[in-house]
Amino acid sequence: MVFRSKRADRLKILLWDGTGLVLVYKRLGRDGRFEWPQISDGVMHLTRVQFEALFDHPC
């Protein structure tokens, strides 16, 4: 499950890793916003590439 803030600058992801739930929290820096795909039937689907892009962090 993915939860995003109203401002679209923060998100929380709940994952089951086989042993328990994992909470991932990500916040973008100033003026950053996540670009979200369209919602269909109340559900937003991310491709693997879109999901991985959320965690792409330049060093």
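This note goes through the predicted model point by point, from overall layout to single side chains.

1. Ground rules. The model is predicted, with local features needing pLDDT of at least 70, side-chain atom pairs counting only at pLDDT 80 or more, and totals for chains, interfaces and linings using all residues. Numbering starts from 1 along each chain as its sequence is written, and side-chain values use heavy atoms, with hydrogens and water left out.

2. Overall layout. The protein has 1 helix and 5 strands. Here helices (H or I, at least four residues) and strands (E, at least two) are DSSP runs, numbered from the N terminus. The order from the N terminus is β-β-β-β-β-α. The C-alpha trace spans about 35 × 35 × 20 Å along its principal axes.

3. Burial and surface. Of the 59 residues, 15% are buried. Buried means under 20% relative accessible area, exposed means over 50%, and partly exposed lies in between (1.4 Å probe, protein chains only). The protein exposes about 5300 Å². Carbon and sulfur atoms supply 54% of that area. Accessible areas come from the Shrake-Rupley method with a 1.4 Å probe; for residues, only the protein chains shown count as cover.

4. Contact range. Take the contacts between residues at least 6 apart in sequence: 27% of them join residues at least 24 apart. A contact means heavy atoms within 4.5 Å.

5. The E2-E3 hairpin. Strands E2 and E3 pair in the antiparallel sense over 7 bridges. Two strands pair if DSSP finds at least two bridges between them. The two strands form a hairpin with 4 residues between them. Gly18 sits in the turn and has a positive phi of about 100°.

6. Nonpolar surface patch. Met1, Phe3, Leu14, Trp16, Leu21 and Leu23 form a nonpolar patch on the surface, with about 720 Å² of accessible area together. Strand E2 (10-16) and strand E3 (21-27) are the elements that give two or more residues to the patch. Patches are made of residues with over 30% relative accessible area and no salt bridge; like charges are joined within 9 Å, nonpolar side chains (Val, Leu, Ile, Met, Phe, Trp, Tyr) within 5 Å. Leu14 lies in E2. Leu14 counts as partly exposed because its relative accessibility is 30%. In a regular strand the side chains alternate between the two faces of the sheet.

7. Ser5, Asp9 and Arg10. Ser5 is in the loop between strand E1 (2-4) and E2. Its relative accessibility is 14%, so Ser5 counts as buried. The Ser5 side chain makes a polar contact with the side chain of Asp9 at 3.0 Å. A polar contact is a pair of N or O atoms within 3.5 Å; within protein, one must be able to donate a hydrogen and the other to accept it, and residues adjacent in sequence count only if both atoms are side-chain atoms. Asp9 is buried too, because its relative accessibility is 14%. The side chain of Asp9 also meets that of Arg10 in a salt bridge (3.1 Å, N to O). Arg10 is partly exposed, at 25% relative accessibility.

8. Salt bridges. The whole structure holds 2 salt bridges. The criterion is a side-chain nitrogen of Lys or Arg within 4 Å of a carboxyl oxygen of Asp or Glu. Side chains of opposite charge can pair when their charged atoms come close. In helix H1, Glu52 forms a salt bridge with Arg48, with the closest N and O atoms 3.0 Å apart. The two residues are 4 apart, about one turn of the helix. Glu52 is partly exposed at 42% relative accessibility, whereas Arg48 is exposed at 67%. Arg48 and Arg10 are 38 residues apart in sequence and 19 Å apart in space, C-alpha to C-alpha.

9. Asp41 backbone. Asp41 has a positive phi of about 55°, although it is not a glycine. Most residues other than glycine have a negative phi. Asp41 is in the loop between strand E4 (39-40) and E5. Asp41 is exposed, because its relative accessible area is 79%.

10. His45. His45 is in the loop between strand E5 (43-44) and helix H1 (48-54). His45 is exposed, with a relative accessible area of 58%. Not counting residues up to four places away in sequence, His45 touches Pro37 and Gln50. His45 and Gly29 are 16 residues apart in sequence and 24 Å apart in space, C-alpha to C-alpha.
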